[in-house]
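Please consider the structure shown here together with the notes that come after it. The points are arranged so that each may be checked by eye.

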Amino acid sequence: MPKKISLTQYLVEQQREHGRIPSQLRLLIEVVARACKHIAIAVNKGALGDVMGSAGSENVQGEVQKKLDIISNEVLIEANEWGGHLAAMASEEMDTIHVVPNRYPQGEYLLLFDPLDGSSNIDVNVSIGTIFSVLKKVGHHHGVDESDFLQAGKNQVAAGYCIYGSQTMLVLTVGDGVAMFTLDREMGSWVLTSENVQIPADTKEFAINMSNQRHWAPPVTRYIDECLQGKDGPRGKDFNMRWVASMVADVHRILSRGGVFMYPWDKREPEKAGKLRLLYEANPMSFLVEQAGGMATNGRQRIMDLQPTRLHERVAVFLGSKNEVERATAYHAESD
Ligand code: AHG
Ligand code: MN
Ligand code: MN
Ligand code: MN
């Protein structure tokens, strides 16, 4: 049997051979992975634990919080605040940043997360996940504030997600390709199960919430119309469609077999750029997708080049197989 490589061993080798991971960053990733194991246990308990349903509160984006949104947020904070590797954290579920309390040493990293992605799928037993992104504090000012988090996605030093699905997996990039780890429940360890993940440049599968069709902008309507015309249309091939409504699960499928994922701007809330959050969802997923040879834009620009202006900023997202994202992006340029 081939030797099993653990997450710890993978990180140590990245540190030793590629000089990519300073020890604080290695600790940070291991702590996040441990927190995800804890969240996986809560997710699996389902109705046997007090984890299902709504918490009766709202987050800063006006979404009703599920119990698991709050539990996962707390697990990530508690796991990360004492290690000395972080300066502060930001989350979809917190109005403002959480600075590491001064009873603990302050590190130089910033951790951003969507503690529970796919909240609407919790109560129906469909895959959900945790998404995270890591930045380094760049300013030399004393302390840390929200402005430290407003860095373009290309500054990320690590990003990943954990998917709580038919298997529990951790998918990670530290800027040297994408690696996938599967949780071995008996051993309690993350085992490397794929390395150098690559997204094929072409695909016949798209993911979009079709119920919003009437609200789309013309380039999105054009792109999807052409896919729907199938073999006899301008694309000359039949397309399949998938929409899990957990970004983690849709992106995991794309990393596994290709495809294109879109959550475009639409007319329902014209003042918002889109539904998904730049810092907690779009940036980390774009980093993974680019590291796997795919592409990620907001329809016009590379997502990781966007300069954030607010912590909870939203963005339109087109990501996945390179040739399809290029096409959807070109249709936006042609419509100007
Ligand atoms: P979250 O559960 O973290 O708020 O994110 C939900 C997001 C994302 O996971 C998914 O792609 C999208 O919302 C689904 O939106 P619709 O319900 O509008 O399809
Ligand atoms: Mn939410
Ligand atoms: Mn989400
Ligand atoms: Mn969420």
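This is a predicted model: local features need pLDDT of at least 70, side-chain atom pairs count only at pLDDT 80 or more; totals for chains, interfaces and linings use all residues.

1. Residues are numbered from 1 along each chain as its sequence is written, and chains are lettered from A and ligands numbered from 1 in the order in which they are written.

2. An unreviewed UniProt entry lists Asp114, Asp117 and Glu281 under "binding site". These residues span 168 residues in sequence, yet no two of their C-alpha atoms are more than 8.7 Å apart, so they gather at one spot. UniProt annotations may be inferred rather than shown by experiment; feature names are shortened and positions follow the numbering used here.

3. Asp114 lies in strand E5 (residues 109-117), and Glu281 in helix H6 (residues 278-291). Helices (H or I, at least four residues) and strands (E, at least two) are DSSP runs numbered from the N terminus. Asp114 is buried, with 28 other C-beta atoms within 10 Å, and Glu281 is buried with 27. A residue is buried if 20 or more other C-beta atoms lie within 10 Å of its own, exposed if 12 or fewer, and partly exposed in between, with C-beta atoms placed from the backbone.

4. Neighbours within four places in sequence aside, the contacts of Glu281 are Asp114, Ile131, Met247 and Leu276. Two residues are in contact if their C-beta atoms, placed from the backbone, lie within 7 Å.

5. The unreviewed UniProt entry also has a "binding site" annotation covering Glu92, Asp114 and Leu116. No two of their C-alpha atoms are more than 9.0 Å apart although they span 25 residues in sequence, so they gather at one spot. Glu92 occupies the loop between strand E3 (86-91) and strand E4 (98-99), whereas Leu116 is in strand E5. Leu116 is buried, with 31 other C-beta atoms within 10 Å.

6. Which residues come nearest to ligand 1? Of the 13 residues around ligand 1, they are Asp117, Ser119, Asn209, Ala245 and Met247. A residue is near a molecule if its C-beta atom, placed from the backbone, lies within 6 Å of it.

7. Helix H5 (residues 247-257) has eight of its 11 residues buried, so it is largely enclosed by the rest of the structure. Among the buried residues of H5 are Met247, Asp250 and His252. Just after H5, Gly258 takes a positive phi of about 90 degrees.
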